[in-house]
Amino acid sequence: MVTFPEEGTQKENLGFDIVFTIIVILASSFSAYTTYLGFSYDLPQLASGVIAAIIGLGLFIINMKIKEYRQSGQSIFRVMLAFFFFLIFSFISNTNAFYTYFLQKDIVPKTQIQAEKDFDKGTSVILAAIDKNEITLKAARIKQDLDIAKRNLYNQMIDPANPGLGTKAKEHLAEVETILGVHLTKLKSPPARASLNQHKVFADHLAALIDEQFETKYIRGRTENLEAFKNNIEKRRILYRTSIINKEFNKDITDAMGRDLASIKIKAEKLIDFKGDVPQINTTADDIGSFNYT
């Protein structure tokens, strides 16, 4: 006798097959996507995509086979072995993807905030060293002594009792040249019988020449580079501080801070013979995504 399954049973089986197939498609597709994310941190995108496709299709086919074998009453032992093979790779990559996703919201900001603190501390030490370096201090000392000698020379040259570049004035001029370390171009001074106003004009020209020589020797050649260096440091400090204020958290910004601080230290060593210590920015604490890190 031939028996036919009831129509209700056929509909139930068809409904189950449809729902089961939809679930397997969604689950294997999602697993393939998270597999891609998990591998993409360590492998090229193409390789990650190929592995994800193999894992996704493998899980889909094996699940369909499991259903088929169970419905036909066959043993699913061998199929389960294949399933566990795909499951191992899927589990590792999916765990890495989820772990990384949640940690990015916590570790990246914390690492960047700490990096900004270290960058601020390190650049503060370097800026203080620039202000106290021998070049700057020497220029300040020379300027202080030069201003006194220049004022004495100026006052002597416009002295109504003995105006012009007389004996005493020449002594003050020699002192100015000694401080500067430069022999000034001899300007033609007005005769002793010239008016006081003419002597004053000459004294003004000589004072301007002294200032120009000091600027050329001690400011333009040496401290201009230091000023540009300081300005660049300040711009970097503002840039990274702003990123924290605006909550612009990104691993690349932390890496940039590490590179900039190292570069600034090297340049400080060359410009001012900097020998101090600066904090070491940790650029690997937010290196999440790698299997090694996870």
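This is a predicted model: local features need pLDDT of at least 70, side-chain atom pairs count only at pLDDT 80 or more; totals for chains, interfaces and linings use all residues.
Contact, as I use the word today, means heavy atoms within 4.5 Å.

Leaving out residues up to four places away in sequence, Phe229 touches Ile126, Ile130, Ile264, Lys267, Ala268 and Leu271. Phe229 also belongs to the largest nonpolar core, which has 19 residues. Phe119, Ile126, Ile130, Phe229, Ile233 and Met257 are the ones with the most contacts inside that core. At least two residues of this core come from each of helix H4 (107-132), helix H8 (223-245) and H9. Which helix gives the most to this core? That is H9, with seven residues. Another core, of 18 residues, lies apart from this one, and Val176, Leu184, Leu206 and Tyr218 are among its members.

Next, the loop between H8 and H9. Lysine 247 is found there. Lysine 247 is not a glycine, yet its phi is positive, at about 55°. Is Lys247 buried or exposed? The cut-off for exposed is over 50% relative accessible area. Lys247 has a relative accessible area of 64%, so this residue counts as exposed.

Now the largest pocket. Its volume is about 150 Å³. The residues lining the pocket are Gly258, Leu261, Ala262, Lys265, Asp277, Val278, Pro279, Gln280, Ile281 and Thr283. Sorted by class, the lining has five nonpolar, three polar and two charged residues.

One of the lining residues is glutamine 280. Gln280 sits in the segment after helix H9 (251-272). Ala262 is another lining residue. Along the chain, Gln280 and Ala262 are 18 residues apart, and their C-alpha atoms are separated by 8.6 Å. Gln280 has a relative accessible area of 72%, so we call this residue exposed, although it lines the pocket.

Last, a residue in another helix. Asparagine 94 is found in helix H3, which covers residues 77-104. Is Asn94 buried or exposed? Buried means under 20% relative accessible area. At 14%, Asn94 is therefore buried. What does Asn94 touch, not counting residues up to four places away in sequence? The list is Ser31, Thr34 and Thr35. With Thr35 there is a specific distance to quote: a polar atom of the Asn94 side chain lies 3.2 Å from the backbone nitrogen of Thr35.

To recap: Phe229 is among the residues with the most contacts inside the largest nonpolar core, Gln280 is one of the residues lining the largest pocket, and Asn94 is buried.

Definitions and conventions
Residues are numbered from 1 along each chain as its sequence is written. Side-chain values use heavy atoms; hydrogens and water are left out. Helices (H or I, at least four residues) and strands (E, at least two) are DSSP runs, numbered from the N terminus. Buried means under 20% relative accessible area, exposed over 50%, partly exposed in between (1.4 Å probe, protein chains only). A polar contact is a pair of N or O atoms within 3.5 Å; within protein, one must be able to donate a hydrogen and the other to accept it, and residues adjacent in sequence count only if both atoms are side-chain atoms. On a 1 Å grid over the protein atoms alone, a cavity is a set of points where a 1.4 Å probe fits but cannot get out, and a pocket is an open set with protein on both sides within 12 Å along at least five of seven lines; lining residues have an atom within 4 Å of a point. Grid points are joined across faces, edges and corners, and a volume is the space filled by probe spheres set on the points. Ala, Val, Leu, Ile, Met, Phe, Trp, Tyr, Cys and Pro count as nonpolar, Asp, Glu, Lys and Arg as charged, and the others, Gly among them, as polar. A nonpolar core is a set of buried Ala, Val, Leu, Ile, Met, Phe, Trp, Tyr and Cys residues joined through side-chain atoms within 4.5 Å.
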